[in-house]
Amino acid sequence: MTYYDAVIIGGGHNGLVCAAYLARQRLKVLVLEQRPVLGGACVTEEMAGCKVSRTSYVYSLFSPKVVKELKLKDQGLELLERNPPSFTPLLAGRSLLLYQEMARSQEEIAKFSKKDAQAYPQYEAILDRIVRFIDPILHQTPPDFNQKGDWLKLLRLGFKLLKLKKDLPVLVDLFSLSAYDFVSRYFESEPLISTLCTDGIIGSIGGPMSPGTAYVLLHHVMGEINGHRGRWGYVRGGLGSLAEAILRTILLNGGHYKTSCDVSEILVYNNRAIGVMTKQQGAFYSKIVVSGADLHNTFSLMLKPDQLPADFRLALSDIDYRSATSKVNLVVKGELKFNCYTGPVPGTFHLCETSQEIEKAADDAKYGRISDRLILEGCVPSVVDDTLAPLGTHVISLLVQYTPYKLAEGSWQEKKSELLDKVIARLAEYTNIVDLDILASDVITPVDLENDFKLTGGNLFHGMMNLNHLFSFRPVPGFANYRTPIENLYLCGSGTHPGGGLTGLPGHNAAREILRDKKWLCK
Ligand SMILES: Cc1cc2nc3c(=O)[nH]c(=O)nc-3n(C[C@H](O)[C@H](O)[C@H](O)COP(=O)(O)OP(=O)(O)OC[C@H]3O[C@@H](n4cnc5c(N)ncnc54)[C@H](O)[C@@H]3O)c2cc1C
């Protein structure tokens with residue numbers, strides 16, 4: 001029997017990042033993943049001979065510190081920028097393009113409102129200052145309000161907040177307002193408002209007018225690509241290439257992994273984690289166990305209720321896993337052309353006419369209906385990345401909102417083809433999709449996200465990123481430091497600070513805490 005220093009449950013990108021940091025310190029690590037491929041919601045899979053980013057499809061949030069420390073560029077990570085990064089076509093034949101260059105974006109915005117064009121640099125500058133303030137906090141372990149030892153950390157944070165001066169009220173707005181209320185303070189024109197609001201609704205069940213969505217917006221502008229703040233791009237070979245680069249670092253440092261290996265139980269003796277039991281390959285024993293699976297999978301499915309304190313279980317039951325997001329991937333013969341634009345679109349396109357339209361689609365989902373006016377955020381990465389598809393063939397990634405996990409009528413099994421029809425019909429309003437040969441389609445509903453990717457409720461982020469589940473309250477108050485009530489059991493997935501998205505930070509922060517506790521494990 002092989003004995004490991006650390007068994008990591010789940011080969012999502014955070015589990016892999018955590019494993020890589022531990023392996024670099026010469027810990028003997030084993031990553032166990034239930035799917036046949038590593039990466040979790042960060043995978044490239046094959047469809048009709050093409051490479052498709054099945055779930056996550058754009059890159060920005062991943063920590064440059066992690067890229068550098070794990071030398072991911074040496075392991076094949078290649079980031080591709082897009083210009084223009086954002087395109088919003090309108091049914092009336094007009095469109096809004098946002099470019100990497102401020103002056104070009106202002107020219108575009110001025111077509112709708114000169115006042116908005118003037119306000120745009122100020123909006124970007126404010127968000128940039130807030131992001132610079134928050135970025136170091138994302139890399140830290142949140143303090144525990146009830147621990148005297150953490151009060152100094154809290155005091156330091158308080159001083160930093162005061163240094164924000166006139167930006168402090170903006171930060172409070174971002175944590176409390178709706179995306180619409182925040183954005184419309186700066187701007188008056190659609191489609192600029194709706195385009196910016198789309199960052200606030202990703203993975204959310206509410207529309208852009210729901211309080212709390214301004215924070216989701218902030219979360220989605222915190223990233224960078226190749227040193228350019230706030231921009232999104234692609235990973236050559238699809239998002240799975242990110243997971244593969246991290247895996248190479250693990251293997252180079254002597255780590256191990258197993259796929260199609262489903263952990264059924266965390267083995268606990270005297271309130272200490274001592275290993276895991278798997279469905280396919282029996283038990284694996286280790287000095288510590290780290291879970292990158294979501295909190296429901298970890299605590300409700302791999303442990304028995306009496307192994308956890310009652311107040312901890314109660315706090316876990318508050319985590320909100322609701323979701324209304326689906327993903328549709330298409331492989332098509334020919335080029336997707338927009339009615340109001342000549343040439344291929346390299347960046348993300350947003351199919352939403354106004355913020356009111358998005359809000360109405362969210363209302364449908366609230367009552368368990370798949371909206372007739374679905375909100376689509378999509379891209380054709382094969383326009384920029386020639387490794388994805390043969391010449392003349394393209395892959396289309398579509399994030400589809402709002403498609404509620406719980407349907408008022410029928411099941412997702414029955415509604416899958418209806419969803420695909422609705423998505424194609426929506427795309428056809430703006431593009432030539434009906435003239436293209438659809439070689440393959442892949443519809444991933446919230447229920448598929450739960451069953452296949454083990455995302456409870458289909459929630460993209462291992463639980464909503466509402467204020468009551470952020471920072472010191474993520475996943476639950478008193479346990480934001482990646483530790484759990486069970487000794488030697490740690491957490492490293494998106495359910496922990498700083499939450500979802502391809503940041504690598506829960507994995508990075510968890511590894512730091514583990515190494516702090518277990519210096520003696522380092523060889
Ligand atoms: C459709 C979709 C689109 C998205 N688009 C983007 C995007 O474009 N950009 C972006 O930055 N973010 C995006 N996100 C969010 C982002 O992908 C996730 O927040 C992130 O991938 C979560 O990473 P993780 O490692 O924390 O968890 P996961 O990726 O969920 O990994 C957890 C892993 O644990 C495994 N697991 C669970 N239970 C067990 C078990 N019992 N035994 C063994 N293994 C188990 C799962 O199979 C999974 O591989 C998207 C998410 C989805 C679902």
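Visitor: Which polar backbone atom is 2.9 Å from a nitrogen atom of the ligand?
Guide: That one belongs to Val58. Keep in mind that this is a predicted model.

Visitor: And what about side chains, what does Glu33 do there?
Guide: Glu33 has a polar side-chain atom 2.5 Å from an oxygen atom of the ligand. Asp262 comes in too, with a side-chain N or O atom 3.3 Å from a ligand nitrogen.

Visitor: How much of the ligand does the protein bury?
Guide: The protein buries 97% of the 1,000 Å² that the ligand exposes when taken alone.

Visitor: How many residues surround the ligand, then?
Guide: There are 36, and the closest are Glu33, Gln34, Ser56, Ser494 and Gly501. Sorted by class, the shell holds 16 nonpolar, 15 polar and 5 charged residues.

Visitor: Switching topic: what's the strand order in the open sheet of 7 strands?
Guide: The order is S7-S6-S16-S17-S18-S15-S19, and the pairing is mixed.

Visitor: Why is one side of S7 and of S19 left without a neighbour?
Guide: Strands S7 (95-98) and S19 (437-444) are at the edges and each has a single partner strand, so one side of each has no neighbour in the sheet.

Visitor: How do S15 and S19 run, parallel or antiparallel?
Guide: Antiparallel, with 7 bridges joining S15 (residues 325-333) to S19. Within S19, Val443 is the residue opposite Val328.

Visitor: Which strands does helix H8 touch?
Guide: H8 (residues 192-201) packs on the sheet and touches S6, S7, S16, S17 and S18. Its direction makes about 60 degrees with that of S7.

Notes: Residues are numbered from 1 along each chain as its sequence is written. This is a predicted model: local features need pLDDT of at least 70, side-chain atom pairs count only at pLDDT 80 or more; totals for chains, interfaces and linings use all residues. Side-chain values use heavy atoms; hydrogens and water are left out. A residue is near a molecule or strand if one of its heavy atoms lies within 4 Å of it. A polar contact is a pair of N or O atoms within 3.5 Å; within protein, one must be able to donate a hydrogen and the other to accept it, and residues adjacent in sequence count only if both atoms are side-chain atoms. Accessible areas come from the Shrake-Rupley method with a 1.4 Å probe; for residues, only the protein chains shown count as cover. Ala, Val, Leu, Ile, Met, Phe, Trp, Tyr, Cys and Pro count as nonpolar, Asp, Glu, Lys and Arg as charged, and the others, Gly among them, as polar. Two strands pair if DSSP finds at least two bridges between them. Helices (H or I, at least four residues) and strands (E, at least two) are DSSP runs, numbered from the N terminus. Contact means heavy atoms within 4.5 Å. Axes are lines fitted to C-alpha atoms, for helices over the stretch in contact, and angles run from 0 to 180 degrees between N-to-C directions.
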